[in-house]
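Please consider the following note on the model shown below.

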Amino acid sequence: MSTFNYLSSDVEYNKVPQVAITASGSVSESKPAVDYNIATDALVIALPLITAGSVGSTFLFRNTGADAAVKITLSPAATNKVVGSIVLAAAVFSASGVLNKDLINAKATALNGDYIVLRSISLTEWAIVGGVGVWSSEA
């Protein structure tokens with residue numbers, strides 16, 4: 001049996017790739033475990049359709065724009081939904097859990113550094129596994 005020695009101070013193993021998203025579009029199923037940074041207002045980012053091979057994939061989306069300047073919309077595929085919640089200091093945000101409903105980091109309340117981490121947990125569900133900021137579900 002092979003052994004893997006992981007050193008927590010090893011820079012190469014601790015780096016998380018950073019990708020700037022500057023236009024509306026979709027993220028690739030083949031690019032999980034990347035931090036997606038968004039500093040452009042009003043972008044709509046399509047989440048990849050969950051397939052049997054992508055269950056367990058994790059994506060992080062971060063608002064890197066100025067405070068109250070960047071709205072981010074994350075859009076699951078028509079057959080996918082987002083479940084879970086984010087506990088904030090003054091409230092709890094819970095995703096609607098309805099198929100094909102977007103997650104939104106609203107411009108008026110958006111802060112630089114707001115983020116959300118989503119993981120595909122079944123063929124139809126993205127689960128919120130972490131986040132900061134005021135997010136809402138599409139009505």
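1. The lining of the largest cavity comprises 4 nonpolar, 3 polar and 3 charged residues. In this classification Ala, Val, Leu, Ile, Met, Phe, Trp, Tyr, Cys and Pro are nonpolar, Asp, Glu, Lys and Arg are charged, and the others, Gly among them, are polar.

2. The model is a predicted one: local features need pLDDT of at least 70, side-chain atom pairs count only at pLDDT 80 or more, and totals for chains, interfaces and linings use all residues. Residues are numbered from 1 along each chain as its sequence is written, and side-chain values use heavy atoms, with hydrogens and water left out.

3. Which residues line the largest cavity? They are Lys81, Val82, Ala95, Ser96, Gly97, Val98, Lys101, Asp102, Leu103 and Ser137. A cavity here is a set of points, on a 1 Å grid over the protein atoms alone, where a 1.4 Å probe fits but cannot get out; lining residues have an atom within 4 Å of a point.

4. The volume of the largest cavity is about 40 Å³, and the count of cavities of 30 Å³ or more comes to 1. Grid points are joined across faces, edges and corners, and a volume is the space filled by probe spheres set on the points.

5. Strands are DSSP runs (E, at least two residues) numbered from the N terminus, and two of them pair if DSSP finds at least two bridges between them.

6. Within this order, E5 (residues 58–63) pairs with E11 (residues 115–120) in the antiparallel sense over 5 bridges. Thr58 stands opposite Arg119, and Phe59 stands opposite Leu118.

7. E11 also pairs with E12 (residues 125–132), again antiparallel, over 6 bridges. Ile116 has Gly131 as its bridge partner in E12. How many residues lie between E11 and E12 in their hairpin? There are 4.

8. Another open sheet, of 5 strands, has the order E2-E4-E6-E10-E13 with mixed pairing. E2 (25–26) and E13 (135–137) are its edge strands. E2 runs parallel to E4 (residues 43–46), joined by 2 bridges, and Ser26 has Ala46 as its bridge partner in E4.

Key. On a 1 Å grid over the protein atoms alone, a cavity is a set of points where a 1.4 Å probe fits but cannot get out, and a pocket is an open set with protein on both sides within 12 Å along at least five of seven lines; lining residues have an atom within 4 Å of a point.
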